[in-house]
Structures are given as structure tokens and as C-alpha cells.
Amino acid sequence: MLWSRAVSFVNAHVVTDSDVAESVRFSSRVLSLGDPPRGGDTVIDLQGAVVLPGLVNAHDHLELNHYGRIKFRERYQNASEWSQDVEPRLAGDQAIARARTHPLTERLFIGALKNLLAGVTMVAHHNPFYPELRRTIPIRVLRRYGWAHSFYLERRPSGAYGEPGGDVAGRWRATPPELPFFVHLAEGVDVEAHRELPRLEALGCVAPNTAIVHGVAIDGGEWPRIARRGAGLVWCPASNTFLFGRTAAVRDALDASNGSRARIALATDSRLTGSRDLLDELRAARAAATVTPDELLRMVTSDAAALLRQPRAGRTVVGAPADFVVIPPLGPTPAASLIRTTRKDVQLVMIDGRPLVGDPALAPVFKARGVTPRATTVDATPKLMDSALVRRIAGCPIAEPGVAVS
Ligand SMILES: [Zn+2]
């Protein structure tokens, strides 16, 4: 980084752990909340904009975001049915075959870019932590976690190199209890999907570090049992609705937490079945279940970070990395504003106090933080981006729809 200085955002709605502050000072870390600017700060009047912690997307397959949504039936009964239906057809599809030939680094980059443009600064990638994820990925990717794909892909290929999905119980046992363990479970609406929770319980794998991805077939009455075990849910309503016409009993899951902190995160899954990005997913979630904007905000910030065991992510506290997303005040509360925000509305995304994409009006933040901006457009809206990111986008053989760098 070049010479850089602290920034004060004033006249803002900064969402903190306990309330909403009017200002925040930061360099690479959050320096103070609610304090006036100090001499030497670059002072930015945000005109009432909302400053949220960088969003957390608790489930994606980063290399699968450039194919578009794929299905050949209106409704499936089980994700295994979708997988068996889609796999053989893809082998004969020229466009898909071409899209598969891009290097893994490039495919992963598009997945990271999808998340960044939607204000996501941390993502949980479901598959191995590929070495390619260490290179040229502009957002934080969860590094320490356990995973298995699902019961139905235990011995069948699931990863980018055809790695098997892994033995669920074996992988769970190999995961230290302080790390999260992710598994697709009960992803369907048939009897087979409904039997997966009892199967996971019988194996002794429902514990506080277990993150059940999907859980569509889990009955409302089963959630108190899961809550007692301390396990969590990664909820992907857009994907569920696309494949099955319904989603998890998330209201029951929330109510089952019985006053304690709900262990539920909202996530996109990949664009093979999911929404375009986490901002669109928030609207899919609103349409799919009775959840409040504040519950949804927690599901993409503090609760998601708790599920990922990332205590410094998903919250704005003094001393934590300055990972922010700034959005316009589109609703009466910060959470209501968030669920109305699309990626073209996002005013700024920062990681470690480093602006990566933002509105042209926020050019002084780039200057203050020593980042050289370049003009681009996102969904026909002018945006500045870090010039290194622009070079990366320009050099990527896969185009992200709606993003233009000249
Ligand atoms: Zn998934």
C-alpha cells in the first residue's frame, strides 16, 4: 500500500454490536466508533448512508458461478435426482464443456467477484480449500473447516478435480470441534431426504460445530432437537425454491432457538441453482419465509460469522479489520435498507480498510487509503474499482455479466 491515512465516516448509520453509531474512524482496522474526526483524518460525509460489517456468505461453490442456472425439470424431489439428471446432459453440452475448460483459478475468481460486488467480504467455499484460493482472490475465504459433500455423493465425484464428496461420519470425526463442519443434508422433499437427519444423528454427527446446509426436508418439529444439540443451519432459499418449489422450515428453526442466539446463516449456494448474489438472496429469503429484516441482517453478518467460528467477522468493533459495506438508506432501518439493496446500489466495499469497489463520489476514500481507482461500470452504474482488481477482471477469460472494464 502507498502512503495512507485514517478515514472518518460521519453523518452515517454505522451498525455496531449494540446500536447504531453516527461515525466510524478507521485505517486498516476500526479505530473508534461514534467519536469525532481527528486532525489528519480524511473526513467523508456519508449523508445518512448505512455502514454494515462486510457480509458473510456461509455457503458457495466458488468455481461454479459462471454456468448459469441449470435444471431440466420443473421440480425435483431430491438433490441427488437433480445431480443424476444434470450430469449426463452436461457432458454433451458444448457451451458447458467450454466453460469447464477455464483454469480453476479463473473460475474461482468469478465466484469471488460475484460475492465482492454484493458486499460479501468473507465466504465459506464448500469443497477443498484449493491452493488456487490463495492467489488473486479479492475476498476472504474461510480457511479452516471440515466438510463432506452429502450422503449421496460420499463416494462419487464432487470437487473441481473429481474428488469424492467424502465419508460424512469420517470427515466429521476428523474435524476438530472448534472448527465448523459443513454438509449438504436433507436437500429434497422426499422420504430419502427426510431420513438424512436421523441418519446423521445416529452417526453422532449433530453437534455444536455442525452446519447443516439446506435442511429442506427437516420437519418443523425436528428443529428443537437440532437446537438442543447446538447445531446450525445454512439456509439457501433461492436454490431450494428453484429445485423443489419450497425451502427449509426456517421460522421453526428460528423459534427453536428459544431465546438463545439462533444458529442460522443465509447463503447463496452457487449460481447453478442459487441466486445471483447474497443481496438477491435476501429478497428470496423474504419471499420464502416469515423472517424479519433484522433476523436476515444477522444471518448475513454476526450469526453467519458465529456459525463459521470467525469471531472478528460479521461485526463492527474497535480493533477488528475494517471490512465494511456501505449502502444507501433505502429503508427506515439499516436492515430494511439492506433488503432493498442490489449490487449497483452498493456505495463501497472495503477489506482491511482497503476500498475495492465504490461509487465515484467516494474517490477520496481510495485516495486516503492509497488505492489507485479505475472507472468501471456495474449493471450500467459507474463505479470505481481498485486498479489491480480491474486488471484482474480484464485478464480473466470469463466475463462477469454486467461488469464492464475498459
Ligand atoms: Zn451447495
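1. Basis. Local features in this predicted model need pLDDT of at least 70, side-chain atom pairs count only at pLDDT 80 or more, and totals for chains, interfaces and linings use all residues. Residues are numbered from 1 along each chain as its sequence is written, and side-chain values use heavy atoms, with hydrogens and water left out.

2. Zinc donors. His 59 (NE2), His 61 (NE2), His 184 (NE2) and Asp 269 (OD) coordinate the zinc ion at 2.1 to 2.7 Å. Donors are N, O and S atoms within 2.8 Å of the metal (3.2 Å for Na, K and Ca); water is not among the atoms, so sites may look incomplete. The donor spacing in sequence is H-x1-H-x122-H-x84-D.

3. Reach of the site. His 61 sits in the loop between β8 (55–60) and α1 (79–91), and Asp 269 in the loop between β15 (264–266) and α10 (278–288), so this pair ties together parts 208 residues apart in sequence. Helices (H or I, at least four residues) and strands (E, at least two) are DSSP runs, numbered from the N terminus.

4. Geometry. The arrangement is irregular because the four donor atoms subtend angles of 82 to 171° at the zinc ion.

5. Burial. His 61 is buried because its relative accessibility is 7%. Asp 269, at 5%, is also buried. Buried means under 20% relative accessible area (1.4 Å probe, protein chains only).

6. Largest pocket. Its volume is about 700 Å³. Of its 33 lining residues, Leu 64, Trp 82, Glu 87, Ser 158 and Leu 272 are closest to the centre. A pocket is an open set of points on a 1 Å grid, fitting a 1.4 Å probe, with protein on both sides within 12 Å along at least five of seven lines; lining residues have an atom within 4 Å of a point. The volume is the space filled by probe spheres set on the points. α1 gives the largest share of this lining, six residues.

7. Second largest pocket. This one has a volume of about 390 Å³. Among its 20 lining residues, Val 15, Thr 16, Asp 17, Arg 298 and Ser 302 are closest to the centre. α11 (293–299) contributes the most, three residues. Domain 1 (7–54 + 314–405) and domain 2 (58–307) each supply at least three lining residues; the domain bounds come from an automatic or database assignment.

Technical notes:
Tetrahedral: all angles 85-135°; square planar, octahedral: opposite > 155°, others 65-115°. Buried < 20%, exposed > 50% of the residue type's maximum accessible area, 1.4 Å probe, protein only.
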